[in-house]
Amino acid sequence: MEEKQIKDLDIRLKRIEGQLRGIQNMLGEGKSTKAIITQLSAARSALDKVGFSLIANDLKNELAKNISGGGSSDQQDLKETINLFMKLS
């Protein structure tokens, strides 16, 4: 994975961490269930985007290996990447 991609994902994860702290504060402040669930949904969506971004990167690398005639483990690597996708979906 490229350095820029790692940095972008790290920034996203730090934002999510802040969202989760905000949700904890909302609980302590007695905010409405609707408001808390809305924020939980947003955090979950953000986490999914990080996961899908990681999977997309793996798929891109697997396709590049396939096109360039990579090794015999390509099918297994692709199956593992698809299984990761299924876990998130």
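Biologist: To start, what share of the residues in the protein chain is buried?
Modeller: Of the 89 residues in the protein chain, 15% are buried. Buried means under 20% relative accessible area, exposed means over 50%, and partly exposed lies in between, with a 1.4 Å probe and protein chains only. Please note that this is a predicted model, in which local features need pLDDT of at least 70 and side-chain atom pairs count only at pLDDT 80 or more, whereas totals for chains, interfaces and linings use all residues. Residues are numbered from 1 along each chain as its sequence is written, and side-chain values use heavy atoms, with hydrogens and water left out.

Biologist: How many helices and strands are there?
Modeller: The protein chain has 3 helices and 0 strands, and its pattern along the sequence reads α-α-α. Both kinds of element are DSSP runs numbered from the N terminus, helices being H or I with at least four residues and strands being E with at least two.

Biologist: Is the protein chain spread out or compact?
Modeller: The protein chain is more spread out than a compact globule, because its radius of gyration is 18 Å, well over the 12 Å that the globule rule gives for 89 residues. That radius is taken over C-alpha atoms, and the rule is 2.2 Å times the number of residues to the power 0.38. Along the principal axes, the C-alpha atoms fill a box of roughly 60 × 25 × 15 Å.

Biologist: And what is the accessible surface of the protein chain?
Modeller: The accessible surface is about 6700 Å², and 56% of this belongs to carbon and sulfur atoms. The areas come from the Shrake-Rupley method with a 1.4 Å probe; for residues, only the protein chains shown count as cover.

Biologist: Changing topic, how many salt bridges are there?
Modeller: The structure holds 3 salt bridges. The term requires a side-chain nitrogen of Lys or Arg within 4 Å of a carboxyl oxygen of Asp or Glu.

Biologist: Why would such side chains pair at all?
Modeller: Side chains of opposite charge can pair when their charged atoms come close.

Biologist: Which residue forms a salt bridge with Lys-4?
Modeller: Lys-4 pairs with Asp-8, and their closest N and O atoms are 3.0 Å apart. The two residues are 4 apart in helix H1 (residues 3-29), so about one helical turn separates them. Lys-4 is exposed at 55% relative accessible area, while Asp-8 is partly exposed at 36%.

Biologist: What about Lys-14 and Asp-10?
Modeller: Their side chains meet in a salt bridge with an N to O distance of 3.2 Å. Lys-14 and Asp-10 also lie in helix H1, 4 residues apart. Lys-14 is exposed at 52% relative accessibility, and Asp-10 is partly exposed at 36%.

Biologist: Which residue does Arg-21 meet in a salt bridge?
Modeller: Arg-21 meets Glu-17, at 3.0 Å from N to O. Arg-21 and Glu-17 are 4 residues apart in helix H1, which means that about one helical turn lies between them. Arg-21 has a relative accessible area of 44% and is partly exposed; Glu-17 is partly exposed at 41%.

Biologist: Now to Thr-81: buried or exposed?
Modeller: Thr-81, located in helix H3 (residues 74-88), counts as buried at 4% relative accessibility.

Biologist: Which residues is Thr-81 in contact with?
Modeller: Apart from neighbours within four places in sequence, Thr-81 is in contact with Ile-55, Asp-58, Leu-59 and Glu-62. Contact means heavy atoms within 4.5 Å.
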